[in-house]
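Please have the sequence and the model at hand while you read.

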Amino acid sequence: MNAIEVKDLVKSYGSYQAVKGISFSVKEGEVYGLIGPNGAGKTTTLRVLSTLLEVTSGSIMVHGVDLREKPEDVRKIISYLPEDAGAYKHLKGREYLKFIAQFFAEGKEAEVLVARGLEIANLGERIDDKVETYSKGMARRLLVARALMIKPKLAILDELTSGLDVLNAQEIRKVVKSYAAQGTTMLLSSHNMLEVELLCDRIALIDDGKIVAEGTPEELKRKYSANNIEEVFVRAVKE
Amino acid sequence: MSNLSKIAKKEIKEMLTPSTLVPIIIIAIIFASLGDMMGGVEDELSEEQKIAVIMNDEGALGAIAYSVFDQGAEIVYNGTSVQEALDTLEDTDGTSLFIISSDFTENILSNQTGNITVYWMMKGAGIMDSVPSAAASSLLSNVDTTIAATLISYDMSDNASIILDPTSYTETTVFKGKEMDGISPTTIASVLSQQSLVMPLIVMMVIIYSGSIVISSMGTEKENKTLETLLTMPIRRTSIVFGKLLGAAVVGLIMAVIYMIGMSYYYSGLLGSSTVDLASYGMTLDLLDYTLIGISLFAALVSGLGLCMIMGIFAKNYKAAQTMTMPITFLAMIPMLATMLTDFDTLPLFAQVVLFAIPFSHPMIAMRALMFDDYTLVLSGIAYSLIFALVTMFIAVYLFRKDILLTGKVSRTDKKTGFPLIDMMLGMAKKRK
């Protein structure tokens, strides 16, 4: 069974069509990347898949659950990390993880989730400081921890390392890789072509709301006679 | 253009937005309508008062008193029956009945005060309501002055205190079917205003405070980008909506208790000096009344919070949320000012409908209404507020499931009528089918 099965997905905002009938599927445990220029429809696709936005037309199955019919069931198995997500600033890092964990488990089980979150965040003593005192990198690590500590069946990660320095970005990518290896399906979008090449098993190039190319990084590089995904991206968009 | 004017132009452009202008315009409209209301009362004062006079004295001074009444007001009844006089005043919107005692002239001439019994027809207990009857009372001082002048001119008395104050009067106020002896409408209005001022103030403060908590909470969640996380977690939309409302309601009620404690000390200080005990006139509240006031306050609070939640859904950030508290503030201020100045019963029908439609009015109206056992008004107000609260919460939960929560605007494809709320209702109905 595929982790994600998207068929002819259309998403409109009024008369503007942001996503124009895209179809793709992601296997369980796969890391699938969406890349494309600004306004191509990546974030809209991720927001629809994370049940934030309504589907205009088309169908989406997440681990066999029809997203349009049972969005609340989909929410039980996914975790969404928005590009510019924030945490409650008045809470301390540890309190924030506890707050989130209580919606997924109780008692000892919740403690296990928090312990996992603390390990992923790796903020040392700063975990007991208020979120409002965190740097951008620290806050992002806390949010990645929040997204992955529950071991979701599907993690939807929008611009995973946006605005982070190289060291922070590398650490977060390592965490994502390790959780993907443990079976979590990852759907991510990024402007960082290196990141996409390093992380993704397969990539879809979106332009103007449509998927214009799809395949493994190697397949795409061959198809576009490119040395890297950045070149693939430029050639695919210009075609 | 100088740098100074460039900066000033930018600042003005930033600050002079519809969201800053509209509240000021609304305040201006409210004050203008208050001015009209005051003007209305002044017009009423300038109109000739309608009074009834029962003349039991056959003496000259009684006749002088009668002629003063006749010159200063329109006498709509001059028979001998008190009940008929009161009925006539009721029918003709009259203000007072003066009964000149049979020994009026005789008493004054024998150096005793001549007695006039006064029945005041009180229409409402607002500050403005007691003004017309207060104006009619000036007739009594005219009677005093004229009789004093007569006594001096004709050398009819050498008692200085009688010349200075030849008449005395006993007064009874008739208000909402109750006859209250020895008390004037002004005193009743003053005591009732002091007592019923607490509730409007508390309701207004609580609604504004807890309402802004809800709206700001939505604005902050959007600004800090925490809402998206919350919405993708396995939490029912109703739990999010009710959780936010419950939090704000608890904080609002804590606020109400603090205000009530403060106000009760304030008024116990004020009323401590008052010699009027309204309970002796049957104007008292029992446990059932206080329970109804509590329910009315709760229903108004939940209605307000539901309304604020809907507005918060449209707030894009914290700043926008702050300006969205303005309409709620005005909605709370309108009934507060109205109930302070006038009585619900004395308002024109249109104003009554408007006031009834604002759910915050009901706990403000409830205290005074219950003092006069007007349970129909209070119970219908509670029923309306609860229905209003349910509808707003239903809409809030519905909107929480829609794109509008994140986009802050209604999708253009969803627009059919041009009125977003109607379109939304149509959409809901269509979905149910």
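Between chain B and chain A there are ten residue pairs in polar contact, both residues at pLDDT 80 or more, where a polar contact is a pair of N or O atoms within 3.5 Å, one able to donate a hydrogen and the other to accept it, and residues adjacent in sequence count only if both atoms are side-chain atoms. Helix 10 (227–231) and helix 17 (404–407) of chain B are the elements that give two or more residues to the side of chain B that touches chain A, helices being DSSP runs (H or I) of at least four residues and strands runs (E) of at least two.

This is a predicted model, in which local features need pLDDT of at least 70 and side-chain atom pairs count only at pLDDT 80 or more, while totals for chains, interfaces and linings use all residues. Residues are numbered from 1 along each chain as its sequence is written, chains are lettered from A in the order in which they are written, and side-chain values use heavy atoms, without hydrogens and water.

The rule finds four salt bridges across the interface, a salt bridge being a side-chain nitrogen of Lys or Arg within 4 Å of a carboxyl oxygen of Asp or Glu. The table lists some pairs from the structure.

| Pair | N to O distance |
|---|---|
| A:Arg47 and B:Glu228 | 2.3 Å |
| A:Lys20 and A:Asp208 | 3.0 Å |
| A:Arg141 and A:Glu171 | 3.9 Å |

A:Arg141 lies in helix 5 and A:Glu171 in helix 6 of chain A, so this pair ties together parts that are 30 residues apart in sequence.
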